[in-house]
Amino acid sequence: MSIVYLNGEFIPAEQARISPMDRGFLFGDGIYEVIPSYNGRFVGFAEHIARMQQGLAELSIDPQLNLADWQTLATRLLQDNNNTIGSNQAVYIQVSRGADTKRNHAFPLHIKPTVFAYSFAIAAEPVADKAKASCYSVITGQDLRWQRCHIKSTSLLGNVLHYQQGYAAGAQEILLFDAQGNLTEGAAVNVFVVKNGVIATPPLSHKLLPGITRLLLLNILRKHSTMQVEERDISEQEVLNADEIWITSSSKEIAPVLQVNGQPVGDGTVGDVWLAAQQLFSAHKYD
Ligand code: PLP
């Protein structure tokens, strides 16, 4: 039986109860995080919590927990669930504005945030091996989400509909483009392209989530390699003509995309630049 955290208590999942008046349920009024860990070691823990605190501040939600509190909470979840879930676990954290007695769009003043966290099993660490890489096929589409995609909000319907659009077309992700035709991100991933050895990814803005894998990867590439890395606008044509495309997320790390709209990316095989990037990421992600 797995153990979850709810509002200060560690309890069996079956006993966790949240009010239907919770604004997370009624409005999607909350923030969430997903933090991977392997053999008890978190990847980018402080960065994940910093992003969450930023999102909470944007929504004026204050659960009154600091980095050390979150670390204690998340570590306890890993330990409590190690026997049932195993040693590779991601911790999901969700903080909503809380439950009021009536439904009203305006922020209620005197309610306490609802804090929920649980852990779930994830696959073993991705490895820098072309033969073992999890490869993706994607489609492209116009980004129809809202104008605050930098907030990791639990209001994920826009992302869910785009993800389903890819899934219904037989793909595993969708690469999204804004009204100007520039790449934003995927439904649940950031995107990198490689052309002639140069690595590029869209710059941070309200149009995409500041992914922690994206952040760690950019830092690692700049610190530990001489590869050229750019954060800049990327057109749909550039994506379609790329030598390599990668999608990044906490669970995937760096995953090669081998097909876009049914057409091969580059020569249709896992690229050498991906191999070098995933090698560096694997070597330095806990630094
Ligand atoms: N973009 C979106 C929309 C996401 O939902 C996610 C992850 O869930 C990402 C990017 C990747 O973010 P991270 O690397 O922090 O997992």
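This is a predicted model: local features need pLDDT of at least 70, side-chain atom pairs count only at pLDDT 80 or more; totals for chains, interfaces and linings use all residues.
User: I'd like to learn to read strand pairing here. How many bridges join E1 to strand E6, and which way do they run?

Analyst: Two strands count as paired if at least two bridges are found between them. Here, 2 bridges join E1 to E6 (residues 114–121), and the two run antiparallel. One partner to look for is Ala117 in E6, which is bridged to Tyr5.

User: Which strand is joined to E1 by 4 bridges?

Analyst: That is strand E2 (residues 9–12), again antiparallel to E1. Ile3, for instance, has Pro12 of E2 as its bridge partner. E1 and E2 make a hairpin with 2 residues between them, and Asn7 in the turn has a positive phi of about 45°.

User: Where do the side chains of E1 point, and are they buried or exposed?

Analyst: Ile3 and Tyr5 point one way from E1 (residues 3–6), while Val4 and Leu6 point the other way. All of these are buried, meaning under 20% relative accessible area.

User: Now the ligand. Which residues are closest to it?

Analyst: The ligand is surrounded by 18 residues, the closest being Arg51, Glu185, Ile212, Thr213 and Ser250. For polar contacts, look at pairs of N or O atoms within 3.5 Å. An N or O atom in the side chain of Thr213 is 2.6 Å from a ligand oxygen. Ser250 places a polar side-chain atom 2.7 Å from an oxygen atom of the ligand. With Ile212, a backbone N or O atom lies 2.8 Å from a ligand oxygen. Taken alone, the ligand exposes 390 Å², of which the protein buries 91%.

User: Where does the ligand sit?

Analyst: In the largest pocket. Helices H2 (45–58) and H5 (212–224) and strands E9 (183–186) and E13 (244–249) each supply at least two residues of the shell around the ligand.

Conventions
Residues are numbered from 1 along each chain as its sequence is written. Side-chain values use heavy atoms; hydrogens and water are left out. Buried means under 20% relative accessible area, exposed over 50%, partly exposed in between (1.4 Å probe, protein chains only). A residue is near a molecule or strand if one of its heavy atoms lies within 4 Å of it. A polar contact is a pair of N or O atoms within 3.5 Å; within protein, one must be able to donate a hydrogen and the other to accept it, and residues adjacent in sequence count only if both atoms are side-chain atoms. Accessible areas come from the Shrake-Rupley method with a 1.4 Å probe; for residues, only the protein chains shown count as cover. On a 1 Å grid over the protein atoms alone, a cavity is a set of points where a 1.4 Å probe fits but cannot get out, and a pocket is an open set with protein on both sides within 12 Å along at least five of seven lines; lining residues have an atom within 4 Å of a point. A molecule sits in a cavity or pocket if more than half of its atoms lie within 2 Å of its grid points.
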